[in-house]
Amino acid sequence: MTLRPNRVAIWVALPLSIAVGCSGPSAHPELVWGKRGVNDGMFVRPRAAAIGPGDRLYIVDYTARIQVFDLDGRYIGPTWTTPDYSIGRPSNLSIDRDGNLIVSDSHYHAVRLYTPEGKLLRSFGGEVGPEPGKFGYVSAAIQDQDGFFYVAEFEQNERITKLDVNGNVVKTWGKAGTGQGEFSRIRGLAFGPDDLLYVADTINHRVQVFTRDGDFVRMFGELGSEPGQMRYPYRIAFSPDGDLYVVEQENNRVQKFTREGQSLGCWGAPGREPGQLFNPWAVVVDRRGRLHIMDTDNNRVQRIRF
């Protein structure tokens, strides 16, 4: 493998690091890559990722740079930023039905769509407020195959907003709280193979599940480190075979679930070594079922098979 300067890529074969109280698979990191820096191919706290057509891996870090890699960690470019990032950086990425990049421009209360080459196509939102069409801190945004967008917010509004393909508000649901259909700092959204919307309800330490019209279906998880428990679930992603992966920031692990919420094991433990995590923010799953974990405060990415 040919490496560019200023980057680190390490193939490792180490014993599995298992979070306390949670049994996991017999596996080790396939690839660990990245190091701290501001040059192309380097990171300052990578915080979100998405995989688009052509196996392009988009990563945004704390400098507000969106960089593009292949799935082996090779920088392929381009690199770009959102129009302004003086008061905060984007905190989530996803792919729309046309293969464009959806950027949650969190502190600017907006959702922005970019081509794979970094050309801004359009934005919606941009104003803060409780009224429909205005947003608080935009923490996640995804699009379904019918063209509807789903935007999660917290701080000013603890809710999900459904928009049509043109950005017009269709419906909102949710409020601050701990009951079903209530939220405390949503950090991640994902559609399951059952066409339901899965929500990482972070400070409530659980996942909630809804129809695409906002009807509550079920929820699972509670605060803790045992199997089935969570501690600050930040992002969620489905594998091609329909399993749900949850990255837990404070447990420094990824936990695997069935869609009904049964724990199938954990991977990770606190630390700096390969196979360990330090405040991970995100996980994405490629078409081969491999997990790419944003090991945020280690300024790197780890790839595993779970």
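This is a predicted model: local features need pLDDT of at least 70, side-chain atom pairs count only at pLDDT 80 or more; totals for chains, interfaces and linings use all residues.
Visitor: What does Arg305 count as, at 36% relative accessibility?

Guide: Arg305 counts as partly exposed. Residues are numbered from 1 along each chain as its sequence is written, and side-chain values use heavy atoms, with hydrogens and water left out.

Visitor: Which residue forms a salt bridge with Arg305?

Guide: The general idea first. Side chains of opposite charge can pair when their charged atoms come close. The criterion here is a side-chain nitrogen of Lys or Arg within 4 Å of a carboxyl oxygen of Asp or Glu. Arg305 meets it with Glu30, and their closest N and O atoms are 2.4 Å apart. Glu30 is buried, at 17% relative accessible area.

Visitor: Which parts does the pair Glu30 and Arg305 tie together?

Guide: Elements first: helices (H or I, at least four residues) and strands (E, at least two) are DSSP runs, numbered from the N terminus. Glu30 sits in the loop between β1 (9-10) and β2 (31-33), and Arg305 in strand β25 (residues 300-305). The pair therefore ties together parts 275 residues apart in sequence.

Visitor: How many salt bridges does the structure hold?

Guide: It holds 23. Another of them pairs Arg74 with Asp70, at 3.2 Å from N to O. Arg74 is partly exposed at 28%, whereas Asp70 is buried at 19%. A further one joins Glu250 to Arg231, with the closest N and O atoms 3.8 Å apart. Glu250 lies in the loop between β20 (244-248) and β21 (253-257), and Arg231 in the loop between β18 and β19, so this pair links parts 19 residues apart in sequence. Both are partly exposed: Glu250 at 44%, Arg231 at 24%.

Visitor: Which residues do salt bridges with shared partners join into one network?

Guide: Glu30, Asp70, Asp72, Arg74, Arg303 and Arg305.

Visitor: Where does Gln229 lie, and is it buried or exposed?

Guide: Gln229 is in the loop between β18 (216-220) and β19 (233-238). At 16% relative accessibility, it counts as buried. Contact means heavy atoms within 4.5 Å. Beyond neighbours within four places in sequence, Gln229 contacts Glu222, Leu223, Gly224, Glu248, Arg253 and Gln255.

Visitor: What is the strand order in the open sheet of four strands?

Guide: Two strands pair if DSSP finds at least two bridges between them. The order is β3-β4-β5-β6, with antiparallel pairing. β3 (48-52) and β6 (75-81) are the edge strands, each pairing on one side only. Inside the sheet, four bridges join β4 (residues 56-60) to β5 (residues 65-69). Tyr58 has Val68 in β5 as its bridge partner.

Visitor: Which residues have the most contacts inside the largest nonpolar core?

Guide: In soluble globular proteins, nonpolar side chains tend to be buried together. A nonpolar core is a set of buried Ala, Val, Leu, Ile, Met, Phe, Trp, Tyr and Cys residues joined through side-chain atoms within 4.5 Å. The largest one has 14 residues, and Leu291 and Ile293 have the most contacts inside it. β19, β20, β23 (282-285) and β24 (290-295) each supply at least two of its residues. Leaving aside neighbours within four places in sequence, Ile293 contacts residues including Val254, Trp267, Leu277, Val283, Val301 and Ile304.

Note on methods
Buried means under 20% relative accessible area, exposed over 50%, partly exposed in between (1.4 Å probe, protein chains only).
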